[in-house]
Structure formats: structure tokens, C-alpha cells
Amino acid sequence: MQDRELPGLTHLQFLVLGVLLSGEQSGRTIRHAIEEYGIGRSAPAFYQMMARLERDGMVEGWYEQVKVGDQSVTERRYRTTAAGSRKWERAYAFYEGVRVGVTERRWSDA
Amino acid sequence: MPDNTLEALLRRLLPDAVRRELFDPARFDLHTDRFAAGKGALWHRWQLIRLYAECWRVSFIPEFPSRPTERTGMFVNDLRFALRSCRREPGFNLLAMLTLALGIGAMTMMYSVIYNVLLNPFPYTDPRRMVDVVFRNSADGGIRGALTVTEFRALVDESRVFEDAVGASDSRMLYRSENGVEQFNVVALTPNTFRFLGVPALLGRAFAEEDAIPGAPRVAVLSHRAWITYFGGDPGILGRTIALSSTPMTVIGVMPPRFTWNVADVWMPDPADRRDPDQMKRFWLQGRLKNGTSQAQAEAELNVIGRRLAQLYPDRYPKRFTISIITVIDWVVGRFRGVLYTLFGAVGLLLLIACCNVANMLLARATIRARAHAIRTALGATRFRILQQSFAESLLLAIGGGAFGVAFAYAGLAALKPFIPPYGIAKETVIEINPSVLLFSLAVATLTALIFGVLPAVRATRRDIAVGLSASGKGAEVSARHGGFRKALVVCEVTLSLVLLSGAGVLMQSFLSLIGQNLGFDPHNLVATRMNLLNATPAEQQQFLRAALDRVRSLPGVTAAGITTNGLPPYGGDGTNFDIPGKAHTEIWRGEVESCDETYFQTVGFRLLAGSLFSPADIASGRQVAVVNETLRNRFFGSEDPLGRQIRLERLAAGPGGNAAATFQIIGVVQDIRNRGLEEPIAPEAFIPYTRSLGFPRILIRTAIDSHLVAKTVRREIRAVNSNVVQRDPLVVEDTLAQESYARPRFSVLLMAVFGALGLLLVATGVYGVMTYVVSRQIREIGIRMALGAERGQVFGWVFGGAFRLIGLGTLVGGVASIATNRIIATQVWAVRMFDPIALGAAVALIAILGGVACFHPAFRATRVDPVVSLREE
């Protein structure tokens, strides 16, 4: 059945959750990924958004040590929660429903 | 500083949530970026600082909602909301706008005066880099701006400090019209002057280099005033030949009204050539400094040239002198600059008082809206959103206030213009509200919106939601928290108002001292008129003057008349160095010499202290006798008797007769009268018969009736004696004093008094508003007190005392601030003490009285509270 409820996600949140659907990612990678869609955000602004997603229970974040060359650095990593995945699926279904409904149905005043 | 330390330090300076959620993950990314891209420590530190700044920015102005247009749209919505709010509360908003308009209007008005008088007074190209060059005598500080052609050429041709330089040499020439003979102020300009000033002619053309070539036809450019006054504004004047002192010249152009360079009627070209046979010609030098050349650098280079000139012509220069440069604006505006900046400071205070008042009003509204804010916050509105909405409302108020303010400024300027001292500003100045001034007003309005609007909003939103929700309009807690801030604003207002009022008091005291001082003569009913007879020998001149004097004396209402050639009280004669044979002195003795006839003393009102005045025979024969003033006697003779002693006036030694013609025998001593204006001390002065040095004579007339009536007939009577006479319009000494000496202090006093009164009015309304509000919030408390047995008198005293404590505190702080600011004002005005207890006391008393009146009604209202009703309502 077509989901007619408006999605409770902003476009940016939709995009971030979409990036995380393929698996856990570092914050830095997510930032670079959304930059490819023309959305440039400063690091603090980006992490402010991620913190809100965490608070809303849509993603989980933790720190991890990784190697860059011969240096050991810390990075913040994220993955979607079940709630986050559900919300993304619902938003996707909404947009898909709109796409199908709007393009395939014949609209008339009657 | 090592990276780790810097990072740790910046980290510590952030709020906990920002540090944890924003800074930490971002700084780790920075490490990764650094190592991945192989960046150095310097790059890392710079990025860290940027990151830190960005964290603060983001924490104050969140990036989300993420759609960029959304925030703009919200602000537009906020503005719409603010407009609706304006319509809902028209009285409140109009009052706030008018309060702000007072401050913004006064600020705009003063800024337009400052902009047009100080910053951009001339219509010329780049006037701020234009300077005058003067020789300064180190011994007596005297300055000389009129340079010989040799000096002018040396300073212009041999220095590298000027981008361009021009010279001007003024002289008087006579023009015979159908209505008689007129004296024109003719200024010879170096031919590059019009290019230098960059102002095109209104009609025809200005002259250029080719017009100054020897043998070129003589040409003249007319001032707009001369064109209108003497040629009826006839455009056919171009190409016509006019004769000035019998020299024919062709008019080639007319300049626009604002072009009044050197206050000339006519300009003509002069190349200021060293080969000019007229060795008496003197030029004023004005140059435009090269970009990047400082005043000190320019002076250093010009002084090298000056010293070389002194070596070549040692007898022409004092032993010690320097060449100084003074900007053209400073030359004209002089001490008026300080007065204007003082007044600008005063309007700044007025604007702050207005801001405090409006902030108080907004705080009261914020308290009333506390519950609405709390509900919005509970529903998820961020603090930023609420602040943004408050700012939109404030901005709307400020724009309204700014619009009213500009209207006030227009009206204020129209009212102010007649009081602007004519002698303190450049003749070219046009005081008006122009785009620069409007831009300034816009900036002031926006700034005030930030000051008065955001501060109360920040306070209003810093509240616990629970308290806000429970406040429900009664909120004792809310009232208590805001009460302190509101009271602080009242204290600020009283402080600022006291500073304004005591400043006005200081200026008033200076003005009263100035107009109340003893001039030594009665300036009322005194008329002076200048004249000269064309092509007359000295004997014919004397004969004419005697005849003119007799005719003037026979006019009804004239009680006395005398002749002088160079004095017009309270100004004496020309400056000269003195010598008294037999008296050695190392320093230069300097004073004034004035030529007059025997009836001059009686006309002005000099009192004879010793010896005698001139006799008619002394004047007729041009005897070398002198009368001196008290100051000269006391300074140069001390307890000795000056009568019968000789005095040498160096100024006359340069003329025909040399030293012998410059030595006079003292025959009398007269009482001092002011001879260097009202603000300078009296100078030593010697009076000699006018027949010794016949200049451009002036008849001084004492009248028994209104001197303006006599002034109207004098010109006609003198022309009746000889139609070849050249006359200037008669001057009424009282009017000249008012324009030249009293106009500037009167202008300052007037403005300060108006600003002080407005400040006082704002304070009174501010105190009244706060006290009314405080009483309305404390109805319950007053009710309980009365229920517990408090008398009405006690309640009155409690409320009134509370308000007066605020006024007292403001007065205390304001008193200290006034003492500091009055010291600054005292340096700008004449004859006031650094600390004036009378002015300060009067200001305190005024504020106390008005504050008392403002507190009375709220306190009285408190005594009318019915405890039963108030407790039931609560």
C-alpha cells in the first residue's frame, strides 16, 4: 500500500541515512559523500546534524582508532539504527509513491 | 605553542555540549586530513582556529533547518509577524518609534552638520589633502601665510611633497557701475588653480595656462555673487570687457554659487613669475600633498628650503622660524571642530538614553509575553528562533524610528541653520541631509535595533520554561528578575542625562561669562562705515573725511563720530613690534597700532587716565604723538611715567620716512578696552593720528537712537559729499559682535540645552514607566503590607523611596562621569573651570525634581491599592 504520510526527514537527513544504509561509515566519509550531492557543510555544522540524528535515535555513533599512514588517529563512526532505517524506508516509499502516482495517474478537474 | 596545547586550550574554552558533539569529532577529522594530505603544523593550527570559530558560530546560529531559503523565509515571516504586532499595539509601537526618533534624529542632524562642515565642506577635488603653507615665527608664534614670489616659487618648484600647488594673491580693485563705484575683491590665481580645484565654470570657461602667458589678452572670471549683484545675472556678460581700477579685462566665465575660493568677486590669472616687477605682490600657497606623504615629512622638506632662503636673504627672516602646513579644512574650521565633536558626543548620549527607554519598554512587553515564549520553547522553538523574531520586531521599530528620525533631522536642521556661526565654517559649506547622512542614519537605526532589541530578548529567553509557563502574567519571579535589569537601565539613563545636563551647564557658564564680560566700551548704538575716495591726494582725502564727518554728525540721533583706519572694537589696529628708546629688552615687544582722529576716543568711550588726547591741530598737522593703553604702560613702563617718552613702532619704519617716521612721543594714557576679540587677553596698543598713515578709513558713529536706523542713512549722506567715494555697507558693532564672537558659544549652548532637555524628558518618561510597571507588579505585595497594617504614607514612602534610590544611584555615577566629561568640555570652551560645582549641582537638582515628579504618580497610585481587591485578584 502506498504510504501517504509525509516523511519526517529533511532531505539532508534522508541523504545521510541513505549513505549509512550500505554499512557503517566514518563521519569524514559521510561528509565527503554528501558533498558529492552539492551539499557542503563545515565539519562542526555536519557533526551538529549528526548529533541531532543520534539524539533522535536514528543513528548510533562511536569513536574508533584507525591508522592513516604510520599515524594512529581517532575517528567518529556511525551506523543507522533500526528506527533510522525504518524512517528512511518510509520516506523512500513516500517519494516513490509520489513518483508513481504523479507520473502515471491522469489528472483532471473532474 | 605546541599543537596539543593549543588544541587543549581551545577545547577547554568551549561549552561542554559543543566540545563533545561538534569540536571533538571535527578535530579528529582534522588530524586525518592533515596526515592524509601531509600538511604541516602551521596549516593545522590555522585550521584549528577556524574550526574553533566555526563551532561558536554554529552553536549560535544553527545550520539547520538545512534548506538555505528556509531561514530567510522565516525572517520574512518574522517581519510580517512584527508588522501585525505593530497594528495590534499601535500606541506602544508609535511611542517606541518616536522615542528612538528623538535619538536618531538628533544624531542624524549633528552628523549632517559634521559631515558638511568638517568632513566634506568644499566642492573641490580631494580637499582633505589640501594644505596651506605658513611661516611660523618661533619667538612669538606669529604666522605668515602671504609669501613673496621668490618664496612661493622656491617652495613649489623645489619641493617634491605636492602633487600640485596653487597660489592666490588678493587685492582690491574698483569697478564703476551705473550705481556708483564698487570695490571688488580681486584674487590673482596661478593658472593651474581651476584644474587643481576641479570645479567647472557655470557659464563660459575658467582660465588655464595659456591665459597667463605674457602678452595674452587680460581675462577675468566672475564669482556667482558678483555676477548676480553687479551684472544682474546677465548671461551676455561672457565676452564683455569690464574695467577694474581702469584696467580692461574680458569676462570669460562665471563660477557656480558654491565656488567662493578666497572669497573673491573676480579671479584673474597670474603666473607668479620671479621676473614680475611688482615686488610687493604676495601669494598664499595651497598644495595637495602627494598620496603617502605625511604632514611631518612635508614640513621637514619645506623647512630645508626655508633655511636655504634664510641664508640667501637673512634680513627677511626672524632668527628662528619654521614652515608649517595646516590642512585647509583646519584653517577654516579651527576651534569649531572641538565644539562639533563635543555636541556629537552629546547626541550619542541622547541616543543611548532613548535606547535605554525603548529597551525598558520592550522588556516590559517581553515579560507580558513570557508565557507565549515559554509555550513556543516547549513546542520546540530554539532560542535562536525567538531571538530572531525579537530582532525582527526591533528592526521594524528601528526602521520606523529612523524614518521619523530623518524627518526630525530635516526639521531640526531647518531650525538650526540660522544659529550656525557664519565665521566658524567655510563659505562653500552647504549643510544638508545627503545620501552619506542617510546611510549613516540607516547604520545608526540598525545598531540601535541591536542594542535595544536584542539585549532584552536575550534576557527574556534565558528563562526556565517551567517558570515561564507558570508565570501566567502574575510572575513575581519574572518580575523580580527583570526588575533588576530595568532598574539598571533607569540608573544608566539618569547617569547619561546628568552628564548631558552638566555639560550643557558648563557651556552655558562659558557663554554667560563671555557675554557678561566687561569690554571696556559700550557696544550698543555704535555704527562703523568704511570708505575711500578715488584718485584723491592725501590732502583731498582728509578734506573729504572732515566733510563726511561733519555731515554724519549732523544726522539726527548721532551723538559723536570719529575716524579710524584700522580698528573696529573689540578689535584693535594692526600688529607691530614696539621699541622704547632707552629700555633694553631681549624678547620681542609686540602689540597693536591704531590710527585715529581726536574724536575717536570719545566716540568709542575711552576714559583718559593720564596726559591728554590728540588735539585737532595734532591731527591736522600729523604730529608724531601717541596715546597708549593701560596694558602698554603697565607692561613696558611699570611704575615709570610714560608721558613724554618716545615709542618706536616697527611697522611704520618700513614705510616712507624710515625710523624717524616710526617714532612717536607719548602724550596720554587711556583705559583698556578689548582689542583682540573677547577670548584673547588685551594687547598693548598705541594710537597715532590717522594723518600719519592714511589707510582705508572708517568712520565710527555713536548714536542715541537705534543704530540700524542711522546705518541706513549713512551711506547716502556720505555719497552726497562726493559721488566718487567707494563705500562698504555700514556695520552695526552689536551685530558684528553677535555674529563673530557670540554665535559659536550660543550655538553650542542652544544645542546642548535642547539635547539636555530631551534627555531629561526621556529620563522622566523612563522613570515614570518603570515605577508604574514596578507598582503594577507589586500590587499583591502592597496589598499584603496594607493588610498587615501599613499606612498609606508608609506605602508611599516605600515606593517613592525605592524610585529615588535609583535616581540617587544614577546621580552618584553620573556625577563622577560628569566631572570627567566636563574636564574634556572645558578644554574646548572659553573661561570655565575644570570642575564646576554650580553647573553640576543645578543639573542634579533638575534631575531630582523631575525624577520626583515622575515617581509621584506611581507612588500615589500604590497608596490607592485596596488590599482586599488586590489579594482576591491575585
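Chain B has a secondary structure of 28 helices and 24 strands. Please keep in mind that what you see is a predicted model. Chain B holds 874 residues, and 41% of them count as buried. Among the contacts in chain B with a separation of 6 or more, 84% are between residues 24 or more positions apart.

**The sheet in chain A**

- Let's turn to chain A, where three strands form an open sheet in the order β1-β3-β2, with antiparallel pairing.
- Why is one side of β1 (25–26) and of β2 (59–68) in chain A left without a neighbour in the sheet? These two strands stand at the edges and have a single partner strand each, so one side of each has no neighbour there.
- Helix α1 of chain A, residues 11–20, packs on this sheet and touches β1, β2 and β3 of chain A. The direction of α1(A) makes about 110° with that of β3(A).
- β1(A) and β3(A), the latter spanning residues 71–80, run antiparallel and are joined by two bridges. Here you can find A:Ser26 opposite A:Arg77 of β3(A).
- Helix α3 of chain A (residues 43–55) lies across β2 and β3 of chain A, and runs at about 130° to β2(A).

**Where the two chains meet**

- The contact between the chains involves 20 residues of chain B and 20 residues of chain A.
- On the chain B side, the elements that give two or more residues are α2 (16–37) and α3 (41–60) of chain B.
- Which element gives the most to the side of chain B that touches chain A? That is α2(B), with eleven residues.
- Sorted by class, this side of chain B has 13 nonpolar, three polar and four charged residues.

**Two helices that cross in chain B**

- Next, find helix α5 (residues 90–119) and helix α24 (residues 733–777) of chain B, whose axes come within 11 Å and cross at roughly 160°.
- Angles over 145 degrees count as roughly antiparallel, and α5(B) and α24(B) are therefore roughly antiparallel to each other.
- Is their crossing left-handed or right-handed? The crossing of α5(B) and α24(B) is left-handed.
- From α5(B), the residues B:Thr99, B:Leu102 and B:Ala106 meet B:Phe755, B:Leu758 and B:Leu762 of α24(B).
- The residues in this contact of α5(B) with α24(B) are five nonpolar and one polar, with no charged ones.

**A covered strand in chain B**

- Strand β21 of chain B (residues 685–689) is mostly covered, with five of its five residues buried.
- β21(B) runs parallel to strand β16 (residues 589–596) of chain B, and five bridges join them. In this pairing, B:Glu685 of β21(B) is the bridge partner of B:Glu592.
- β21(B) runs antiparallel to strand β18 (residues 625–629) of chain B, and two bridges join them. B:Ala686 in β21(B) is the bridge partner of B:Val628.

**A glycine in a loop**

- B:Gly644 sits in the loop between α20 (630–637) and β19 (646–649) of chain B.
- Why does B:Gly644 count as exposed? It has 9 C-beta neighbours inside 10 Å, and a residue is exposed if that number is 12 or fewer.
- Leaving aside residues up to four places away in sequence, B:Gly644 touches B:Gln665 and B:Ile666.
- B:Gly644 and B:Gly668 are 24 residues apart in sequence, while their C-alpha atoms are 8.7 Å apart in space.

Note on methods. Residues numbered from 1 in each chain as written. Chains lettered and ligands numbered in written order. Predicted model: local features only at pLDDT ≥ 70, side-chain atom pairs only at ≥ 80, totals over all residues. Pairing = 2+ DSSP bridges. Helix = DSSP H or I, 4+ residues; strand = E, 2+ residues; numbered from the N terminus. Contact = placed C-beta atoms within 7 Å. Axes fitted to C-alpha atoms, helices over the stretch in contact; angles between N-to-C directions. Nonpolar A, V, L, I, M, F, W, Y, C, P; charged D, E, K, R; others polar. Parallel < 35°, antiparallel > 145°, perpendicular 65-115°, else oblique. Left-handed = near helix turned anticlockwise from the far one by under 90°. Buried ≥ 20, exposed ≤ 12 C-beta atoms within 10 Å, placed from the backbone.
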